[in-house]
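Hi,

Here is the structure I promised to pass on. Have a look at it first, and then read my notes below.

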Amino acid sequence: MDQLQEKLNDLLIVSDLGVKSQNRVILEDVTFKVRKGTTLAIVGPNGGGKTMLFRTLLNLVPHTGTIRWSDKVRIGYVPQSLIATDLPASVGEFLRFKCKTDFETCVSSVGLDKEILRQALGSLSGGQLQRVLIAWAIVDNPDVLLFDEPTSGVDIGAEEPIYQHVTRLKERLGITILLISHNMHVVMHYSDRVLALNRYQLFYGDTSGVAHSKLLNLMYGGGLDLSEEDEHAHKE
Amino acid sequence: MKRHLSSTILFGLVIGAFVGSAAGYLGSIMVSRHMALVGDALSHVALPGLALGILFNFNPFIGAFTLLAATAIVTWYLQRSTTLSIEAIIGVLFVLALAIGILITPQVDLLEALFGDVSKVTLVDVMITVPVSIVVVFVTRAIYDKLALSMISMELAVSSGIKVERINLIYLLLVATIVAVGIKEVGTLLVGAVVIVPAAAARNTSSSLHRYSLTSALFGLVSALSGVALSSYVNLPAGPLVVITGAMIFALGLITHSVSRSMNRDSG
């Protein structure tokens with residue numbers, strides 16, 4: 001009964017995930033699960049496979065192993081930035097792709113100012129764009145948000161408000177969050193569990209028992225030193 | 001003779017209006033990353049199709065459309081199953097098609113196939129082109145938002161439940177269709193420009209996606225009508241004149257845009 005309850009609480013279960021491109025290993029033996037309403041931080045060096053993991057979870061990339069989302073899960077994705085595009089879309093038009101009806105309510109529900117709606121997507125600052133992308137992701141009440149380094153390209157002072165905004169959303173809407181970040185402060189303060197990748201899975205466990213230095217070592221290839229508790233978490 | 005000439009011009013204007021506006025509308029999506037030369041290059045594939053129609057005595061439009069649609073499907077398949085970019089695939093497939101087309105098109109018909117001949121447009125062409133153009137516009141309208149979003153971000157489109165690959169295939173087939181119906185008037189070498197030039201011109205003058213797509217269709221309409229009308233007046237081929245008028249609109253838009261930007265900068 002407990003096992004059944006546990007399964008019902010799991011929003012995502014990934015087992016033995018592997019991705020190869022032109023005979024090169026991009027991801028191998030990645031196994032983790034994400035409970036509903038929790039935040040999983042994904043860390044690792046550049047080229048370690050973090051963004052590829054998201055692309056694989058969105059089923060954009062051929063892979064081995066299994067990815068099991070809970071039934072009828074709605075995914076909101078927040079990319080690092082938008083692909084540079086020649087299309088002159090305004091913020092309002094961008095949001096209308098999702099808000100087909102009752103646009104006013106839709107926009108006010110995600111906390112965006114009306115003035116920003118007329119601006120071209122390409123003219124937004126890093127912080128403005130992130131708020132728009134977050135608004136886009138949450139506008140249809142998703143069950144899970146995938147954040148790919150949501151504050152890359154954002155001024156240092158503007159990072160904290162974005163994460164506070166995300167945390168409020170999580171508390172208010174009960175959204176599950178998968179978050180790629182290089183910021184250790186963010187990982188320690190805004191996530192419940194950590195998955196460290198460098199093509200292979202280096203670590204999966206609770207953030208509470210993991211010291212800063214240990215995570216930094218993992219990120220920059222300093223080796224792996226798991227405590228018993230973390231080993232247990234890894235095998236979960 | 002005068003009646004024949006008048007009806008030919010009228011047919012040319014009708015086809016120009018429908019193909020020009022439909023191509024302009026389609027092109028507003030094409031003039032974005034990785035797509036700008038697709039329409040131009042795809043149009044070259046029509047040449048061997050036209051040649052087969054001429055050689056085996058069936059409607060060249062059917063030959064052109066069949067080859068264009070087949071190439072659109074092959075391009076789409078290669079793009080999703082290999083790591084090649086769409087430009088690389090098109091670069092190989094389409095110059096090959098052009099080379100084969102030039103070799104097998106009868107010499108006497110080659111010039112018309114390459115540059116079109118508005119004086120050969122018939123009522124049957126009008127009856128094919130008008131409904132086909134209308135269908136192209138309606139289907140494009142139906143998938144426009146999905147196409148635009150997949151251009152802005154493939155991941156966002158997929159996470160929103162859009163079947164990006166299917167939408168891309170439909171789009172390539174729409175381009176193939178409008179190129180096939182535009183060939184008679186503009187020719188295989190220049191028909192791609194009918195898709196690209198109005199959209200490039202509209203890009204300089206539009207601040208929203210909605211206005212951009214409508215302006216692109218309008219510029220397509222204006223350049224096609226003025227090109228065909230000018231052609232009957234100066235007795236020169238319509239195809240190049242349609243493209244030149246479109247390019248003039250582009251240049252005018254570019255100048256206006258630069259002047260207004262520099263004025264804004266000065267006043268700021």
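Let me start with a pair of helices in chain B: α4(B) and α9(B) are roughly antiparallel to each other, because they pack at an angle of about 155 degrees and anything over 145 counts as roughly antiparallel. To find them, look for residues 60–81 of chain B for α4(B) and residues 164–186 of chain B for α9(B). Their axes are 9 Å apart, and α4(B) passes α9(B) in a right-handed crossing.

If you want to click through that contact, the α4(B) side includes Phe61(B), Phe65(B), Leu68(B), Trp76(B) and Arg80(B). Across from them, α9(B) brings in residues including Glu165(B), Leu169(B), Leu172(B), Val179(B) and Ile183(B). By class, this contact of α4(B) with α9(B) has 14 nonpolar, three polar and two charged residues.

Do keep in mind that this is a predicted model. It scores ipTM 0.74 and pTM 0.79. Chain B has an average pLDDT of 84, and 94% of its residues score at least 70. Which elements of chain B have the lowest and the highest mean pLDDT? The lowest is helix α2 of chain B (residues 38–44), at 75, and the highest is helix α7 of chain B (residues 123–152), at 92.

Back to the helix packing. α4(B) also packs with α5(B), which is residues 86–104 of chain B. Here the axes come within 10 Å and cross at roughly 145 degrees, and α4(B) passes α5(B) in a right-handed crossing. Thr71(B), Val74(B), Thr75(B), Leu78(B) and Gln79(B) are what α4(B) puts into this contact. They meet Ile86(B), Ile89(B), Ile90(B), Leu93(B) and Ala97(B) of α5(B). The tally for the contact of α4(B) with α5(B) is seven nonpolar, three polar and no charged residues.

α5(B) has another partner, α3(B), at residues 46–55 of chain B. The axes of α3(B) and α5(B) come within 7 Å and cross at roughly 25 degrees, which makes α3(B) roughly parallel to α5(B). The crossing of α3(B) past α5(B) is left-handed. Leu47(B), Pro48(B), Ala51(B) and Leu55(B) in α3(B) meet Ala97(B), Leu98(B), Ile100(B), Gly101(B) and Ile104(B) in α5(B). That contact has eight nonpolar, one polar and no charged residues.

Now for chain A. It has nine helices and nine strands, and 37% of its 236 residues are buried. Of the contacts in chain A between residues at least 6 apart in sequence, 70% join residues at least 24 apart.

One residue I looked at there is Cys106(A), which lies in helix α4 of chain A (residues 103–109). Is Cys106(A) buried or partly exposed? It is partly exposed, because 18 other C-beta atoms lie within 10 Å and a buried residue would need 20 or more. Leaving aside neighbours within four places in sequence, Cys106(A) is in contact with Cys99(A) and Val139(A). Glu28(A) is 78 residues away from Cys106(A) along the chain, and their C-alpha atoms are separated by 40 Å.

Finally, the two chains touch: 20 residues of chain A are in contact with 22 residues of chain B. On the chain A side, strand β5 of chain A (residues 75–78) gives the most, with three residues. The chain A residues that touch chain B divide into 12 nonpolar, four polar and four charged.

Cheers

Definitions and conventions: Residues numbered from 1 in each chain as written. Chains lettered and ligands numbered in written order. Predicted model: local features only at pLDDT ≥ 70, side-chain atom pairs only at ≥ 80, totals over all residues. Axes fitted to C-alpha atoms, helices over the stretch in contact; angles between N-to-C directions. Helix = DSSP H or I, 4+ residues; strand = E, 2+ residues; numbered from the N terminus. Parallel < 35°, antiparallel > 145°, perpendicular 65-115°, else oblique. Left-handed = near helix turned anticlockwise from the far one by under 90°. Contact = placed C-beta atoms within 7 Å. Nonpolar A, V, L, I, M, F, W, Y, C, P; charged D, E, K, R; others polar. Buried ≥ 20, exposed ≤ 12 C-beta atoms within 10 Å, placed from the backbone. pLDDT = per-residue confidence, 0-100.
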